Amino acid sequence: MDAPPPDFHVDAELAARLVSAQHPELAGPLTLVANGWDNAIFRLGDGLAVRLPRRELAVRLIEHEQRWLPELAGRLPIAVPTPVRIGRPAPELGYDVPWSIVPWLTGRSATGFAVDKRDVAASALAGFVAALARPAPPDAPHNAYRGVPLAHRDDTMRARFAGGRLTDASRLAPLWERALAAPEWPGPKLWVHGDLHPANLLLGTSGRLSAVIDFGDLTAGDPATDLATAWLTFGPEGRRVFRAEVEARMDVDDATWERARGWALVIASAVVEATGTTGPLGQVAAYVLDQLVAD
């Protein structure tokens with residue numbers, strides 16, 4: 001995955017040492033399978049995976065997963081990486097941050113599928129979003145970058161439009177203004193995955209949704225943040241199905257969909273600014289920006 005540089009040196013040798021030291025009964029062969037933006041993932045044997053933060057900002061995020069996924073997983077209709085073991089910071093091994101052992105979830109990253117295959121997952125992802133989007137408790141994780149009013153992202157977006165990395169900024173800026181003008185979410189703070197794009201979806205060979213991963217940005221707030229996946233993940237037909245299925249399960253008005261379009265712009269433009277458009281996620285983000293203009 002196209003990802004920012006790491007803050008911590010993470011490799012299979014470190015992962016093996018951590019497992020052997022803290023959970024020796026689970027020790028087994030380890031293989032690096034992903035270097036995401038925030039975490040490195042190693043397959044452990046046949047049924048488990050080791051998730052190690054590779055960036056400083058991911059430390060707090062993995063703690064959120066460890067605290068909340070066990071409570072949320074039971075009501076979700078799709079498999080999620082609920083930790084089966086908690087890894088402690090290990091300064092004696094040169095790795096002073098928490099980590100997790102999670103189930104190995106089958107499927108391939110949706111970034112590797114053509115849009116028409118991703119569209120197959122629209123109904124199931126709508127069911128996931130609706131099941132997650134319930135009122136959150138007061139101690140739910142706070143996230144300054146997800147679930148908040150779009151106005152909180154305005155300065156960042158205007159800097160992106162002026163920065164030169166977005167080649168269609170003159171056509172994207174009016175879409176941002178329209179999203180900003182939509183009324184803010186009036187309801188209670190709802191649970192929000194916070195990063196519901198194709199790199200965090202696992203699909204079967206037919207395009208069927210098999211798992212939703214990476215809950216590091218989990219927070220509470222405006223559900224429009226997750227509804228942005230209508231543009232982040234799907235093409236026009238998938239968006240139509242996703243929207244219809246969401247509206248059959250949730251009370252979602254036009255203003256919420258307008259904010260969702262704004263969140264899609266926030267997330268896709270962040271990827272383009274950080275990594276360009278040549279990597280797997282960058283290519284998805286470039287497609288999203290094209291869709292936002294054309295839709």
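**View A. The largest cavity has a volume of about 60 Å³.** The model is predicted: local features need pLDDT of at least 70, side-chain atom pairs count only at pLDDT 80 or more, and totals for chains, interfaces and linings use all residues. Residues are numbered from 1 along each chain as its sequence is written, and side-chain values use heavy atoms, with hydrogens and water left out. A cavity is a set of points, on a 1 Å grid over the protein atoms alone, where a 1.4 Å probe fits but cannot get out; lining residues have an atom within 4 Å of a point. Volume is the space filled by probe spheres set on the points, which are joined across faces, edges and corners. The structure holds two cavities of 30 Å³ or more. Lining the largest cavity are H197, P198, L232, I267, A268, V271, L281, V284, A285 and V288. Two or more of these lining residues come from each of α10 and α11 (280-294). The largest share, four residues, belongs to α11. Helices (H or I, at least four residues) and strands (E, at least two) are DSSP runs numbered from the N terminus. By class, the lining has nine nonpolar residues, one polar and no charged. Ala, Val, Leu, Ile, Met, Phe, Trp, Tyr, Cys and Pro count as nonpolar; Asp, Glu, Lys and Arg as charged; the others, Gly among them, as polar.

**View B. The second largest cavity holds about 40 Å³ of space.** Its lining consists of D38, N39, R51, A58, L61, I62, E65, D214 and G216. Helix α2 (residues 58-72) gives the largest share, four residues. Three lining residues are nonpolar, two are polar and four are charged.

View C. A pocket is an open set of grid points with protein on both sides within 12 Å along at least five of seven lines. The lining counts 46 residues; W37, D38, D195, N200 and D214 lie nearest the centre. Helix α10 (residues 254-275) supplies the largest share of the lining, six residues. The lining is made up of 24 nonpolar, ten polar and twelve charged residues.

**View D. The second largest pocket has a volume of about 290 Å³.** This pocket is lined by 20 residues, and G147, K189, A220, G221 and D222 are the closest to its centre. Strand β10 (residues 219-221) contributes the largest share, three residues. Ten lining residues are nonpolar, five polar and five charged.

**View E. H193 is buried, with a relative accessible area of 0%.** Buried means under 20% (1.4 Å probe, protein chains only). H193 sits in the loop between β7 (190-192) and β8 (201-203). Its side chain reaches the backbone nitrogen of D195 at 3.0 Å. The H193 side chain also reaches the backbone oxygen of I213 at 3.0 Å. H193 touches (heavy atoms within 4.5 Å) L132, N200, V212, I213, D214, F215, D217, L218 and D226, not counting residues up to four places away in sequence.

**View F. Three strands form an open sheet in the order β6-β8-β9, with antiparallel pairing.** The edge strands, β6 (108-109) and β9 (209-212), each pair on one side only. Two strands pair if DSSP finds at least two bridges between them. Three bridges link β8 and β9 in the antiparallel sense. L203 has L209 in β9 as its bridge partner.

Conventions
Buried means under 20% relative accessible area, exposed over 50%, partly exposed in between (1.4 Å probe, protein chains only). A polar contact is a pair of N or O atoms within 3.5 Å; within protein, one must be able to donate a hydrogen and the other to accept it, and residues adjacent in sequence count only if both atoms are side-chain atoms.
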